[in-house]
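Please read the points below with the model open beside you, and follow each element in turn as it is named.

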Amino acid sequence: MKKWVWAVTYSMALTALTAYIALDTFVISDRIDTNATTMNTSMFENIEKKSVLSESDEGQSSGIFQEEDSSKSNVASSRHKHTGGTSIIDTLNDDETKAENNEESTETADQREYDYASDDVAISMSEYYENGTKIYVADIKLSSAEYLKTAFADDTYGRNVTENTSEIAETNDALLAINGDYYGTRETGYVIRNGVVYRDESSGDDILCLFADGSMSVIDSDDYTAYNLVDMGVWQCWDFGPALLEDSSVTVSETEEVGKAMASNPRTAIGYIDDLHYVFVVSDGRTSESEGLSLYQLAQFMRSLGVATAYNLDGGGSSTMYYNGELVNNPTTNGRSIKERGVSDIVYIGY
């Protein structure tokens, strides 16, 4: 009898411990900083802003979103089409629109019309259909990296504090936003946001750093502390990965994946083309309309856009793009329902 009692007690204790670990990892929140809006903008004091658009671009689209008529208050008036994709603006007006030409774009950024343009920010939105998957691309030009910002769910740095990407974006008046690296489910990995260090424990992985001068680099996190990186001018840092492109070369194999993730997934990635010129890329997946992408397919696609450095962010059910007050993609966790999943943080464009 004692044997059975011990076996049952041990089994219950093991179950309780497993449940606690799962809850602590994925559910129980730990709010460490509940006013995490500080921005270390001092690192931009000696950096001169640059012109966003060339002279030929000026006048194509200006000011906040232009309206075609009163019934389309959330749709910008400027349209663009280029080989390889159709405008997101067209897609918002016609859900059945698909890009059928998968050739690489031959149009340069300076030839492109912008859905949104001001003195400091220009955004061009496109949709592609490749590898049986809808892919959404935001082409972004900035006068300063200061406008590429990050924000935490509920304005709080901590563990398991989540909100939908669209909710965080609306709180922060974001023009454009994507989900970030979901730092809040991990205990290691540098967290540098808007020039401020929140976590200085290396994960030992490659991280993506955005510097105040607008450049982006993939760095081994074991080579520097988070405070070293800020001293070097790092404005933002993401720890998820892997890196997809470095020096315009694909850095993932055809079979590489994130942990035990499926080979085809909804994806989110950020890319650097050249001086203050970036892309946000989000793909659908797990639905009958969109299979999803492998990391290798995502890397190849971003290289076709002219991206030099690309980095994979949290994907799957987290993958979300928000633009001009609307969801752009079709976020899903299980493929059965299209809805957002709460995340720890976003990457956004805003003033």
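1. Helices (H or I, at least four residues) and strands (E, at least two residues) are taken here as DSSP runs, numbered from the N terminus. This is a predicted model, in which local features need pLDDT of at least 70 and side-chain atom pairs count only at pLDDT 80 or more, while totals for chains, interfaces and linings use all residues. Residues are numbered from 1 along each chain as its sequence is written, and side-chain values use heavy atoms, with hydrogens and water left out.

2. Just after helix H5, Gly306 takes a positive phi of about 90°. Within H5 (residues 295-304), the buried residues are Leu295, Leu298, Ala299, Phe301 and Met302, where buried means under 20% relative accessible area (1.4 Å probe, protein chains only). Seen down the axis of H5, these residues fall within an arc of 165°, so they line one face of the helix; the arc is that of the directions from the helix axis to the C-beta atoms.

3. In a regular strand the side chains alternate between the two faces of the sheet. Strand E18 (residues 309-312) is covered on both faces, with Thr309 and Tyr311 buried on one side and Ala310 and Asn312 buried on the other.

4. Strands count as paired if DSSP finds at least two bridges between them. E18 pairs in the antiparallel sense with strand E14 (residues 243-246) over two bridges, and Ala243 stands opposite Tyr311. E18 also pairs in the antiparallel sense with strand E16 (residues 267-274), over four bridges, and here Ala269 stands opposite Asn312.

How values were computed. Buried < 20%, exposed > 50% of the residue type's maximum accessible area, 1.4 Å probe, protein only.
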